[in-house]
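Have the structure open and follow along.

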Amino acid sequence: MMNALDSFSIFGPLPRQAEFMEAAAGILAQVSPMARLRELRGASPGWDTATWKALAEAGWTSVTVPESLGGLGLDVEVLGAIATAVGESPLPDPYLGAGALPALVLPAFADNALARDLLNDVISGSAVLGLAWQENPGELIPTSVSTSASIEGDRIRLVGSKRWVSPVGATGWLVHARRGELPTLVWLRPDDAGVTVETEQRADGSLLCTLQMDVVLSATRIVAQGEAVDSVCQQALETTRLLQCSELYGIARRVFCMTLDYLKTRVQFGRPIGANQALQHRMVDAYVGVMACGALLADSYREASQDPAALPRVAALAKSRIAERVIALCRESVQLHGAIGYTDEYDIGIYLKRALHLASWLGSPRTLQARYLALRQQGGRQAQADGVAASGEDYAAMSDEGFRLMVRGFLRSNYPQHLRHVPRRLRLAEVRDWYQTLSRNGWLAPAWPREHGGMALSPAKLLIFFEEMEGWGAARLPDQGIINLGPVLIQHGTPEQKAHYLPRILSGQDIWCQGYSEPNAGSDLASLRTEARRVGDDFIVNGQKIWTTLAHDATHIFALVRTDKTVKPQAGISFLLIDLKSPGVTIRPITNIIDEQEFCEVFFEDVKVPATNLVGELNMGWTIAKDLLGYERIFAGSPQQSRQALHHLEQLADSQSLFELPEFCQTYAQLLGDVRELESLYGLFADIVRRGALLPPSVSGLKVLATETYVRIAREIVRWADEAGGTWTGVAMNDGTSLIPAAPFLQSLVTTIYGGSNEIQRNIVAKAVLGMANR
């Protein structure tokens, strides 16, 4: 069976976390193996002081405490690394409730002698503290409506109750209360007269408690007073929700690896059950889900670090998404393990029950999803950047806000108003002026390197670029030369080919289409039959290509052709650049499901092509094709289409007052999360392209996630349009535009087919990434 660290080889660590995750995993293996967790389940308090002391000595309780106060002074993401390791190797000790929370609260009040003493005890592990803040189900921020603190001479009376408090068996708790309207934090011990502790067992066997309080204490027990109490406690809770996401992510990694190992080794009917394609596809979907969790989590830490004010929104989205995904993954794992997965002796159940506990404690996915939507809408659905637009061409040096405003201003000044939010693929004649505008300003190839005329945008700015384009309703260009051929030539072309073709792509002088698919050779490109014979200084091409997008608008086609029939299919293919004006080329448009002619058939009859148009070496086109398919799949994995569909849903919602319906808001919040998750995963692969590295086969999973997200959003447009869902006449929107609700849905259907159908993409990931055999 795979050990906890084997998940590094499949998913890779989160940025900057590998060292800390590995160290934490080593500590857990020494002080708290799974057998210890099993022994302590349901027992009170469910942990022991010796292990807690060992964890404190390892620095777990002082990671984020400033060095000036005796801590390590590290970033909270390091604490997240420890949490991910705990997710992979579950710990019975209350490291979040008694380690993270008090260490995140007490430093802010270290001027108070009691707070400083308690913090020192937390750091040393000599005291185990908790934060008692919640009173009612569904609460997400500390309000202390009923818990009161009143001063009576030199005494303070604390009255009220707190629920779902961690840890049981604590040295004491920091109780959040109100003294009149003044937020107050009071130090309470379990042996104080008038304190009752009622324990509650959780699904995973851990314990929380309810505190009933009517106590009179010395006023020196006041740890802090004032508005800072609320803000510091809330910040600590939001941060701990992110740490819960890290632990959930660790659970996902471990459960996935356990399940993959089981499917590869469990034999039925003479072969591993993982050879079943249906199970392989389910595992690929699970794999994509775990990757998406990791990407969203990394983005969440990064965004919260750069903009602390965004933490409540970021944490709400991250936990609502990751918790639901991980519970679903654990449920799927039980199913794929069969009966053994339902037994207590097998560890899958332990991970599932820990996920259930984490998902519900400190905010459930349902309440956090609603909070995310509310926080996002406080400034309007389309958040407006403040400040001054950036200028110049040093995009890396610009702030994100300045770059966003620059793009927004450019669109406002240059994009044709009548082409905004057009719900169909526009032809070259309709967008040529816009193509030229982008070309003149050097904005046509945002992901290309600067030395080849591109913008070389970072993944973050690339997403901003796309967001603003989609938000403005900018149409997609005839872009095969930009998104596919350009990167291929940069990677594989000769200096002469780069010097000739790249500037012509950027100027719009050459418009390219792709010649891959053929009749009976769609996703199975190795069986293509279009032939190119070398005759002197030329190739003579005969054959047919199909599903060539906008070939009737193109001037050139890049094509895979067979140049050797005597070797295995993949070895006899070459990559050729063909001028469509050449004699012998015939183009026939194909009418698609929405009565448009977006695709074409292209026929070649004794077409003469100069041998200098060969890209790469003869018969090495398959290698180039795989690279190009990677670029195509990252483009198909772009959030552009999903964001555009979401914009159309927002238009519909505004025109029909759908945001007044709670059920629509729930659907909308889910879709917002879908798109944000997709953006995070896309950013990881976009960064690979920006660095000039080759895309890994896991990019096929991105294509699956993106296209199926697009279909899902487009389907909701039809569903919420009611009677208008079946009309082919434009419906007037509040912003003066017109929407055909069915158009995005019908257009979305082909995205799961082109570039290799999603079923083929799942096959690729199953074989190339997960190592699942077909027999």
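P45 sits in the loop between α3 and α4; helices here are DSSP runs of H or I with at least four residues, strands are runs of E with at least two, and both are numbered from the N terminus. A word on the source: this is a predicted model, where local features need pLDDT of at least 70, side-chain atom pairs count only at pLDDT 80 or more, and totals for chains, interfaces and linings use all residues. Residues are numbered from 1 along each chain as its sequence is written, and side-chain values use heavy atoms, with hydrogens and water left out.

Back to that proline: the peptide bond from S44 to P45 is cis, with omega near 5°. Another cis bond joins S166 and P167, with omega about 0°, and P167 belongs to the loop between β3 (155-165) and β4 (172-179). Two residues other than glycine have positive phi: D606, near 50°, and N619, near 65°. D606 is part of strand β17 (residues 599-610), while N619 is in the loop between β18 (614-615) and α18 (621-636).

## Helix α4

Which residues of α4 are buried? They are T51, W52, L55 and A56, where buried means under 20% relative accessible area, exposed means over 50%, and partly exposed is in between (1.4 Å probe, protein chains only). Because these residues cover an arc of only 140° around the axis, they are on the same side of α4; the arc is that of the directions from the helix axis to the C-beta atoms. The face turned away from the buried side carries exposed A50 and E57. Covering the buried residues are, among others, α2 (18-31), α3, α6 and α7 (113-124).

## Cavities

The structure has six cavities of 30 Å³ or more. On a 1 Å grid over the protein atoms alone, a cavity is a set of points where a 1.4 Å probe fits but cannot get out, and lining residues have an atom within 4 Å of a point. Points are joined across faces, edges and corners, and the volume is the space filled by probe spheres set on them.

| Cavity | Volume | Lining by class |
|---|---|---|
| Largest | about 300 Å³ | 15 nonpolar, six polar, five charged residues |

Of the 26 residues lining the largest cavity, P92, D93, P94, S206 and H357 lie nearest its centre. Two or more lining residues come from each of α3 (34-40), α6 (95-105), β7 (207-218) and α11 (348-360).

The lining of the second largest cavity includes W52, L55, Y95 and L243. Here α4 (49-57), α5 (76-88) and α6 each give two or more residues, and α6 provides the largest share, four residues.

## Cores

The largest nonpolar core has 222 residues, and L185, F403 and F575 have the most contacts inside it. Such a core is a set of buried Ala, Val, Leu, Ile, Met, Phe, Trp, Tyr and Cys residues joined through side-chain atoms within 4.5 Å. Helix α8 (residues 227-265) gives the most to this core, with 19 residues. Apart from it lies another core, of 20 residues, including A149 and W173.

Note on methods: On a 1 Å grid over the protein atoms alone, a cavity is a set of points where a 1.4 Å probe fits but cannot get out, and a pocket is an open set with protein on both sides within 12 Å along at least five of seven lines; lining residues have an atom within 4 Å of a point. Ala, Val, Leu, Ile, Met, Phe, Trp, Tyr, Cys and Pro count as nonpolar, Asp, Glu, Lys and Arg as charged, and the others, Gly among them, as polar. Contact means heavy atoms within 4.5 Å.
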